Amino acid sequence: MRAYWQLTLSQLRIFLRNRQVLFWTLAFPLFLMVILGSFLGNGNGISLTIGVVDQDQSFQSKEFLTTLIENKALTVQIEKSENKALNKLKKDDLQLVVVIPKGYGASLSRPPAKNAPYLLPVYFNETNIAVTQVGLQVVNNLVDGISKEKLDYHPVVVMDMKGVETLNLKYIDFLIPGIVAMMIMSNNMNGVAGQIAAWRERGILRRMQGTTLKASTFIAAQITARLVLNGMQALIVLGVGHLIFGVEVRGSWFTLISFVILGILAFMAIGFIIAGIAKTPESAAPIAGFLSFPMLFLGGVFFPIKNMPEFLQPIIQILPIAHLSHALRETMNVGASFMSLGTEALILGGWLVGAFIIASFTFKWE
Amino acid sequence: MDSQEEIIRVINLVKTYGDFTAVKGVEFQVHKGEVFGLLGPNGAGKTTTLEMLVGLRKPDQGTAIVGGFDITKELKKVKEVIGVQLQSTSLFELLTVEEILHLYASFYPKQVSIPSLIEEMLLAEKRKSRIKSLSGGQKQRLAIALALVHDPWIIFLDEPTTGLDPQARRTLWDIILQLKKQGKTIVLTTHYMDEAHVLCDRIAIMNQGELIALDTPSQLVKNLQSDSAVEFRFQNESSEVELHEIEGVTKVGNQKDVFVLYTDDLQLTLTSLIHMASDKQLKLTDLQTRTATLEDVFLHMTGRRLREG
Ligand SMILES: Nc1ncnc2c1ncn2[C@@H]1O[C@H](COP(=O)(O)OP(=O)(O)OP(=O)(O)O)[C@@H](O)[C@H]1O
Ligand SMILES: [Mg+2]
């Protein structure tokens, strides 16, 4: 037990005295956050999927649907229930939802009652202003076209726009949880791999092997020290995000911290595997880089995962970073509870356990 | 000698790397309280032997009993009673002397007082300095201090003085003799004959993975059966000169162009050498005579010098 505390303490001292490493591991995420946060603002990639709920099932509603489908700018997805469609809208699986209420067809075939046009409800996600604007424009044109066709330039159908999400989220809200995830990945996976490989090369581990120290004590102390350090770094990034950009943690701190810890452990375990595989400390960094680089771009750190090409989706769905960034995001932005993030917790946990099992086989003192 | 208590028994240790056998069935015993030297040229297998004894390499054959425990079966017990300083170790450079001693002490169930250990190893001034900033001699003393934190009975030192200046070496010799006085058993390797002579009670000479001699330093020199050595060079490339035929010569050695004649009768050999040289019109240079040393024992037995170059 004394060995465990002493090793933890020593590792923390080494971290704190290695000013340069300490500075850059913090400076990089903060720099990214400020740069991307200031310049990219609200932007988001644009891909429009529109959900249509046809409650009317009339000739006219079918006709409307066909027009939508014919439009190249949109992907149309037929939805059975309005509630389900709205849920998908909230999750950003759909960008717009058009509901064709009962009686739509009947009202169009009737001669227009005075000047009151028919109100067609279109739901959009306020968190995605840029996408929504484009989407509404497209649908508006279509609706216009239909109504012009129906009656000489008298608008028969008019969109009735309804915002759904009330949270006012911007790109920075998306970005910060991603940056925390990125920091956890690189500090732990790359950090552990590099450090352990270097210590092994320099014979530091070998000298410890000559004592009665157990490998498990050594590893436990490594984990503890890194939890403390990375926990503090994550707090600093969140703190700066809050001060500069007003980003908030909407969910519980318990959930957030749980996922930070899970992420640190899972990536450390992967780092131990790399340290075990790497023959020299020089090869540890490129191996870690080879794994972390694609994860940065595919794993939902900077860009939403759904913007990634379809054929990559199955791969992305098993990446630990994807689940870590998603879980952090859901917790911070939406306030999701730990229970509702069970899948993410399970997949990260799976990585953690699997990686530690492999690491225990590949770990070498020398 | 046999009356002494045995603390290490090495039984037929073998270590192979691929198809190269680095240690070929070495056997010896170390007595309690002695300083035991392993001597040999580069690549003789000293480090390999030592590291098998401390559990850092697995022997391919044979075993050793260290402090009453078998190194292949009770390694943890062995580690509790031994202290180790390796030939090439680096430590956490960013920790201070005091911190790393506390760290290593925490690995063991038993420990000595760190402040007095620092005092004994002459590191008091450097107590709060980072390891990075220590000199070579100070680092070496720290490495030995780390081997002593848990008050072991047996201390293994692999080339404790290599690379140090003469003054730092002497400081270390004092420390090692001090440890011996405290009743510790010390096993060390070295390339330096003078060091072996000053420190070691007994010396084992290794060459190419084999133990070729084991005795006290004075006995080893005595066994050479020649108490003097004559060293010289020929000014020009000498060809077929039968140095064996010079009177009184018991053994001839050479190292590059330096010849060494071992003899029991210095005067006879010298006059005979000079006669021969003038007969054959050879010019002798750098002629010197001295009493035979361990270095000569070594050259005699292996045909090689301890340190190359
Ligand atoms: N890990 C290894 N793999 C392959 N060969 C090795 C290994 N370690 C040592 N050897 C070889 O075994 C032989 C003995 O090495 P060892 O280090 O024991 O020599 P030594 O007597 O300590 O030499 P020195 O005086 O230079 O320290 C050498 O020929 C060396 O090249
Ligand atoms: Mg050696």
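The legends below describe close-up views of a predicted model.

**View 1. Two helices of chain A, α7 and α10, cross one another.**
Helix α7 of chain A spans residues 171-201, and helix α10 of chain A spans residues 253-277. Their axes come within 7 Å and cross at roughly 35°. The crossing of α7(A) and α10(A) is right-handed. On the side of α7(A), the contact is made by A:I184, A:M185, A:N188, A:M189, A:V192, A:A193, A:I196, A:A197 and A:R200. On the side of α10(A), the contributing residues include A:V260, A:G263, A:I264, A:F267 and A:M268, and also A:I270, A:G271, A:F272, A:I274, A:A275 and A:G276. By residue type, this contact consists of 15 nonpolar, 4 polar and 1 charged.

**View 2. Residues of the protein surround ligand 1.**
How many residues surround ligand 1? There are 15, and the closest are B:N42, B:K46, B:T47, B:T48 and B:H191. The shell around ligand 1 divides into 5 nonpolar, 7 polar and 3 charged residues. Two elements of chain B, β2 (20-31) and α1 (46-53), each supply at least two residues of this shell. Which of the elements gives the most to the shell? It is α1(B), with 3 residues.

Taken alone, ligand 1 exposes 630 Å², of which the protein buries 65%.

**View 3. A loop of chain A contains A:Q57, a residue with positive phi.**
Where does A:Q57 lie? A:Q57 is found in the loop between β1 (49-54) and α3 (59-70) of chain A. The phi angle of A:Q57 is near 55°, which is a positive value in a residue other than glycine.

**View 4. A loop of chain B contains B:E159, a residue with positive phi.**
B:E159 is placed in the loop between β7 (154-158) and α6 (166-181) of chain B. For B:E159, phi is near 50°, a positive value in a residue that is not glycine.

Conventions: Residues are numbered from 1 along each chain as its sequence is written. Chains are lettered from A and ligands numbered from 1 in the order in which they are written. This is a predicted model: local features need pLDDT of at least 70, side-chain atom pairs count only at pLDDT 80 or more; totals for chains, interfaces and linings use all residues. Side-chain values use heavy atoms; hydrogens and water are left out. Axes are lines fitted to C-alpha atoms, for helices over the stretch in contact, and angles run from 0 to 180 degrees between N-to-C directions. Helices (H or I, at least four residues) and strands (E, at least two) are DSSP runs, numbered from the N terminus. A crossing is left-handed if the near helix is turned anticlockwise from the far one by less than a right angle, and right-handed if clockwise. Contact means heavy atoms within 4.5 Å. Ala, Val, Leu, Ile, Met, Phe, Trp, Tyr, Cys and Pro count as nonpolar, Asp, Glu, Lys and Arg as charged, and the others, Gly among them, as polar. A residue is near a molecule or strand if one of its heavy atoms lies within 4 Å of it. Accessible areas come from the Shrake-Rupley method with a 1.4 Å probe; for residues, only the protein chains shown count as cover.
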